[in-house]
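The following questions and answers concern one protein model. Please keep the structure in view while reading.

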Amino acid sequence: MTATVFPLEKFQNLATPFYYYDTALLDQTLRTINEQTAPYPTFQVHYAVKACTNPKVLSHIVSAGLGADCVSGGEIQACLEAGFPARKIVFAGVGKADWEIRLALEAGIGCFNVESVPELEVINELAERQDTEARVCFRINPDVGAHTHSNITTGLAENKFGIAMEDMERVIALAHSMSHIHFSGLHFHIGSQILEMDDFAALCLRINELQDRLEAQGIGPVEHINVGGGLGIDYADPDAHPVPDFKPYFQTYARHLKLRPGQQLHFELGRAIVGQCGSLITRCLYVKEGSRKRFAIVDAGMTELIRPALYHALHRIQNLSSQGHHMNYDVVGPICESSDVFATEYALPETQRGNLLAIRSAGAYGETMASQYNSRRLPDSYTTEDLS
Ligand code: LLP
C-alpha cells in the first residue's frame with residue numbers, strides 16, 4: 001500500500017492553508033472497496049457525501065461506480081453536477097425542507113431515508129403534486145451503542161435519529177396506504193469512527209430480529225436493507241493504514257446479516273473512503289516560547305479543521321520542511337478561541353517560521369466543516385493531478 005508522498009516543491013509557492021487530496025490513494029481505496037465487495041453481488045456501496053463534497057474528489061468516486069448518500073438539497077445538487085446517476089442517490093436527514101424534497105423528486109433519486117411520520121406525509125403530498133411516486137425506506141433507531149465518541153453515536157434510543165423499532169409495523173402499514181409512496185427498505189446507522197467489528201455484528205443481529213418479526217406479520221421481505229456507514233480509520237498512524245481494513249467489515253455483514261433472497265444490502269461509507277487521502281497543509285507563522293510551553297502557531301485553525309476543537313480528535317501532524325531533532329510543541333491556530341488547538345505537547349522536528357506542516361487524515365469532515373469565522377477565507381484545495 002502506498003503512503004502519501006507530499007510534493008513539497010510544488011507546495012512552496014502555494015498560499016496556505018489548503019487541503020491536499022492524494023487522489024492516487026483515493027483511487028486505491030475505491031479499488032479495494034470494489035474488490036472486497038465483488039464476491040457479494042447484492043452489496044451496493046454509497047458514498048456519504050457529507051464527509052467531503054469537493055468536486056474533484058467526487059469525480060473519482062463517480063468513476064468508481066459508487067452511489068451517493070446525501071443529507072441536503074445542496075449535496076444532491078453537488079452529486080448531480082458531479083455525474084452520480086440520480087437513481088444511485090439516497091436522501092437522508094431528520095429535517096428535509098420542502099424545496100429539498102421537491103428537488104429530489106424532480107431528479108428522480110433512488111430513495112428517501114425517512115425519519116418520521118410527519119415527514120412521510122409531506123413527501124407523499126409533494127409527490128402527488130408532482131404526479132410521481134417517492135421510493136422510501138425507514139430509518140430505524142436500533143438502540144445499538146457503538147464504541148466511539150458520544151457526539152458521533154447515533155443509534156441509541158435517546159438520539160434524535162430514526163423511528164423506534166416498536167413503531168415499525170404501524171409506520172409501514174401507513175406507508176402502504178399512501179398513494180404516492182413506494183415502501184422499499186429499512187435503514188440503520190449506529191455511529192461513526194467505529195473500529196470494533198462486534199458493533200456492526202450487533203447491528204446485524206438487531207436487523208435479523210426485526211426482519212423475522214416483520215415477516216411473522218406478513219410484512220416483507222423488503223427490497224433493500226441499508227446499514228449506514230461508520231467504519232473508522234487509523235488517525236494515529238495513517239501511513240501504516242492508508243487504506244482502511246474493508247475486508248473484515250464487509251465479511252461481518254456477509255456472515256451475520258441474514259439477507260433474504262434478492263435483497264440488496266446498501267452501505268453509506270464516508271470517512272473510510274476519503275479520510276486518509278486528505279491533509280490540511282499549513283505554514284508555521286511563529287514559534288513562541290511561553291513560560292511553560294512552546295507554541296508552534298500555524299496559519300490554519302479550527303476554521304479549516306474543527307475536529308480537534310469539537311471532538312478532541314487527534315490528527316497526526318508532520319513537519320514536511322524540517323529534519324531537526326524532536327521537541328515538544330503545542331500546535332495552535334490563529335483563531336480567537338482557546339479551543340483552537342490541533343495538538344498539545346506534540347513531538348515535531350525542530351520547527352521554524354515558514355515550515356510547512358501536514359495535518360493528516362483530514363479528508364473526511366475537514367473541508368466540509370470549514371467556516372468563515374473571524375472573516376477568514378474558505379481554504380483552497382489541490383489534488384495530486386493538479387500539482388503533477
Ligand atoms: N449514514 C448516516 C445516516 C450518517 O449519519 C453518517 C454520518 C454516515 C452514513 C457516514 O458515516 P461515516 O462512514 O463517515 O462514519 N463530523 C463527525 C462525523 C459525523 C458523522 C455524521 N454521520 C466527525 O468529524 O467525526
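Q: Which residues lie nearest the centre of the second largest pocket?
A: In this predicted model, residues are numbered from 1 along each chain as its sequence is written, and side-chain values use heavy atoms, without hydrogens and water. Local features need pLDDT of at least 70 and side-chain atom pairs pLDDT 80 or more, whereas totals for chains, interfaces and linings use all residues. A pocket is an open set of points on a 1 Å grid over the protein atoms alone, where a 1.4 Å probe fits, with protein on both sides within 12 Å along at least five of seven lines; lining residues have an atom within 4 Å of a point. Of the 16 lining residues, those nearest the centre are His312, Ala313, Leu314, Phe342 and Ala343.

Q: Which element gives the largest share of the lining of the second largest pocket?
A: Helices (H or I, at least four residues) and strands (E, at least two) are DSSP runs numbered from the N terminus. Five residues, the largest share of this lining, come from β15.

Q: How do the residues of the lining of the second largest pocket divide by class?
A: Ala, Val, Leu, Ile, Met, Phe, Trp, Tyr, Cys and Pro count as nonpolar, Asp, Glu, Lys and Arg as charged, and the others, Gly among them, as polar. On that basis the lining has ten nonpolar, five polar and one charged.

Q: Which residues come nearest the ligand?
A: A residue is near a molecule if one of its heavy atoms lies within 4 Å of it. The ligand has 18 residues around it, and those that come nearest are Ser192, Glu268, Arg307, Tyr311 and Tyr365.

Q: Which residue has a side-chain N or O atom 2.7 Å from a nitrogen atom of the ligand?
A: A polar contact is a pair of N or O atoms within 3.5 Å. An oxygen atom of the ligand lies 2.9 Å from a backbone N or O atom of glycine 230, and an oxygen atom of the ligand is 2.8 Å from a backbone N or O atom of arginine 271. The side chain at 2.7 Å from a ligand nitrogen belongs to glutamate 268.

Q: Why does the ligand lie between domain 1 and domain 2?
A: Domain bounds come from an automatic or database domain assignment. The ligand lies between the two because residues of its shell come from both domain 1 (24-273) and domain 2 (276-383).

Key:
A polar contact is a pair of N or O atoms within 3.5 Å; within protein, one must be able to donate a hydrogen and the other to accept it, and residues adjacent in sequence count only if both atoms are side-chain atoms.
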